[in-house]
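User: I would like to learn how to read a model like this one, feature by feature. Please show me the structure, and then I will ask.

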Amino acid sequence: MKATLDEMQAFQAVVDCGSISAAAEQLGQTVSATSRSLARLEEKLNTSLLNRTTRRLKLTEEGQLYLERVRDILTSVEESEELLALRRDQPAGLLRVDAASPFMLHVIAPRVAEYQQQFPEVQLELNSNEGIIDLLERRTDIAIRIGRLKDSTLRAMPIATSQMRVVASPDYLAQRGTPLTVAELASHRLLGFTQPELLNEWPLLAEDGQLLHIQPQVKASSGETLRQMALNDGGIACLSDFMTRADRQSGRLVQLFPELTLVSRQSINAVYYRNTTVSARIKSFVDFLAKTIGPQGFDD
């Protein structure tokens, strides 16, 4: 008896999720159904694919070899289904997108309805992670990454760029005073990032002629958290235009040192692992984002 695609999908999900219960939740199955699928697969193959301990599951040598083939098979099936959909001139299927919460909230979420109107046969699954994730482990088709790319195994498609600016609320400045020189920032409540440390380098020159590296009084992992603190008079932050443009236009945030601010544009890329032709779903989503953001990006 040959293995079924459902059994292969269960096996891949268990490996990627790290547990049978997490895989069952992802697949929309009961834990017992997923466990039975895995047991049937091992019985058909007459080999153990996973070593089970009380704490985790670990691939056997045979399981590692089989997983590589399973990934290829499931990808081929997915691409074959997509080819049929393309014959109807419509990308189709599930597209898993990951982005940091500020970009998801300010850029992607407001555009989802319009994207679905254009591509009704694509089902979107949107996830937010502040740090870098493993696309295979998280079963993610495409991730939006902001800033310098380090992973050479990824292919990238540029979407836009976004300028960094130092901002604060009018009420905070009324309470604490508006800094007139870069040096005066040292006496203010500065809001910065827990990581990467590079984001605590602001596009201003310090007295030594180098980029200003701040020592934040409050740190957060998410730019959206820093934005909310700045909006609520919590201090001065350096944030990207894609999340503050509307705030600055409405006057809820004010840019500091506009004449002294250096051009510091963050690159925004869509990244994926595909080594073959770009999936129609991925291309439709990336092209849509680039088009709706426009050639001017997030500039005022």
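User: Which helix does Glu-224 lie in?

Analyst: Glu-224 lies in helix 8. Helices (H or I, at least four residues) and strands (E, at least two) are DSSP runs, numbered from the N terminus. Some ground rules: this is a predicted model, where local features need pLDDT of at least 70, side-chain atom pairs count only at pLDDT 80 or more, and totals for chains, interfaces and linings use all residues. Residues are numbered from 1 along each chain as its sequence is written, and side-chain values use heavy atoms, with hydrogens and water left out.

User: Is Glu-224 buried or exposed?

Analyst: Buried means under 20% relative accessible area, exposed over 50%, and partly exposed in between (1.4 Å probe, protein chains only). Glu-224 has 11% relative accessibility, so it counts as buried.

User: Which residues does Glu-224 touch?

Analyst: A contact means heavy atoms within 4.5 Å. Leaving out residues up to four places away in sequence, Glu-224 touches Ser-101, Pro-102, Leu-105, His-106 and Met-243.

User: Which other residues of helix 8 are buried, and what covers them?

Analyst: Start with the general idea. An α-helix has 3.6 residues a turn, so residues three or four places apart point the same way. In helix 8 (residues 223–231), the buried residues are Gly-223, Glu-224, Leu-226, Arg-227, Ala-230 and Leu-231. They cover an arc of only 160 degrees around the axis, which puts them on the same side of helix 8. The arc is that of the directions from the helix axis to the C-beta atoms. Their cover includes helix 5 (101–108), strand 7 (190–193), strand 10 (218–220), strand 11 and helix 9 (241–250).

User: Which residues of helix 3 are buried?

Analyst: In helix 3, Thr-34, Ser-37, Leu-38, Leu-41 and Glu-42 are buried. Their arc around the axis is only 130 degrees, which places them on the same side of helix 3. Helix 3 (residues 31–45) has 15 residues and reaches 21 Å from its first C-alpha to its last, close to the 21 Å expected at 1.5 Å a residue. The expected span is 1.5 Å times one less than the number of residues.

User: How should I read strand pairing, and which strands does strand 6 pair with?

Analyst: Two strands pair if DSSP finds at least two bridges between them. Strand 6 (residues 155–168) runs antiparallel to strand 13 (residues 265–272), with 8 bridges joining them. Pro-158 stands opposite Asn-269 in strand 13, and Ala-160 has Ile-268 as its bridge partner there. Strand 6 also pairs antiparallel with strand 11 (residues 236–240) over 4 bridges, where Val-167 is partnered by Ala-237. With strand 12 (residues 254–255), strand 6 makes 2 antiparallel bridges. There, Ala-168 stands opposite Val-254.

User: Where does Phe-257 lie, and what is its phi?

Analyst: Most residues other than glycine have a negative phi, and most peptide bonds are trans. Phe-257 lies in the loop between strand 12 and strand 13, and its phi is positive, near 55 degrees. Phe-257 is buried, with a relative accessible area of 7%.

User: Which residues does a cis peptide bond join?

Analyst: Gln-195 and Pro-196 are joined by a cis peptide bond, with omega about -10 degrees. Pro-196 is in the loop between strand 7 and strand 8 (201–205).
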